[in-house]
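Hi,

Here is the structure I promised to pass on. Have a look at it first, and my notes follow below.

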Amino acid sequence: MTTDGAIRTGDLGRYRADGAVVLAGRADDQVKVRGYRVEPGEVEAALAADADVAACAVVADRERDGAVLRAYVVGHRPGLDAVVVRDRLRRVLPDYAVPAEVVVLPALPLTPNGKVDRAALPRAEPRPAAGLDGLISGTERLVAGVWRAVLGLPRIGATENFFDIGGHSLAIVAVQARLSEQLGREVPIVELFQHPTVRALAAHLDAGPPKPGRDGLDRAARRVAARRSRYAHGGASTSTGGSGELQR
């Protein structure tokens, strides 16, 4: 908000001759990811705070289901692990602001004036068909189909982690609703967190809801038989005396 009470939104615009305002982009790099506004510069700041990261850049690529953040990092020394870097980001950033991919490079490409050449940063290769294949059972194909519909992905591998391919809390609620409807029974949402890959979740669903153990059934049968025996012999713990009163 400015001193005159006006609210600044960060959007750029211009006036047409008739006085109408035409939007012309934003004054910053803010993008919307999963319905949340994210400033790539803030993600870069979190990466730069990592003691193992010497340089970094974050870009937002437009895909069918919205903006996707990708981070590019250069390590102070060889052997920087992208998975470790991403896990550290999870500790300081909300889930929606964590890049979907972290790429380790030997150096960032630069323009002639020394700035990061974001257009020259390598983009993700299309996922190979093998990433989708490996779905064995009908339940695996069912689960993968629901994930594809909810996440807007063309293919999903049997061992891919739901949260590593763009899944989040809102998406998992949608997955639960669709699975429960298609399976005809309630699927507790906690089970989706406990089994985050297609294969693990399908195996769990195929196992069905917990069933009482054989030992439990045997104990219950023995208790019923014992009660029937007591009643047949006048009762072991309760009986009626000659006065008709209950005797203990």
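Of the 248 residues in the protein, 31% are buried, where buried means under 20% relative accessible area, exposed means over 50% and partly exposed is in between (1.4 Å probe, protein chains only). Before you read on: this is a predicted model, in which local features need pLDDT of at least 70 and side-chain atom pairs count only at pLDDT 80 or more, while totals for chains, interfaces and linings use all residues. Residues are numbered from 1 along each chain as its sequence is written, and side-chain values use heavy atoms, with hydrogens and water left out.

The overall picture: there are 7 helices and 9 strands (DSSP runs numbered from the N terminus, with H or I of at least four residues for helices and E of at least two for strands). Taking contacts (heavy atoms within 4.5 Å) with a separation of 6 or more, 48% are between residues 24 or more positions apart. The accessible surface is about 15,700 Å², and carbon and sulfur atoms hold 54% of it (Shrake-Rupley method, 1.4 Å probe; for residues, only the protein chains shown count as cover).

Now the inside. The largest nonpolar core has 21 residues, and Trp 147, Phe 162 and Leu 179 have the most contacts inside it. By nonpolar core I mean a set of buried Ala, Val, Leu, Ile, Met, Phe, Trp, Tyr and Cys residues joined through side-chain atoms within 4.5 Å. Helices H3 (138-151), H4 (169-183) and H6 (198-207) each supply at least two of its residues, with H3 giving the most, 5 residues. If you click on Leu 179, you'll find it touching Leu 142, Val 143, Val 146, Val 187, Leu 192 and Leu 201, not counting residues up to four places away in sequence. Apart from this core lies another one of 20 residues, including Leu 47, Leu 69, Val 85 and Val 98.

Glu 191 is buried yet has no salt bridge, and the nearest side chain of opposite charge, Arg 185, is 5.4 Å away. (A salt bridge needs a side-chain nitrogen of Lys or Arg within 4 Å of a carboxyl oxygen of Asp or Glu; Lys and Arg count as positive, Asp and Glu as negative, and His and the chain ends are not counted.) Leaving aside neighbours within four places in sequence, Glu 191 is in contact with Leu 201 and His 204.

Cheers
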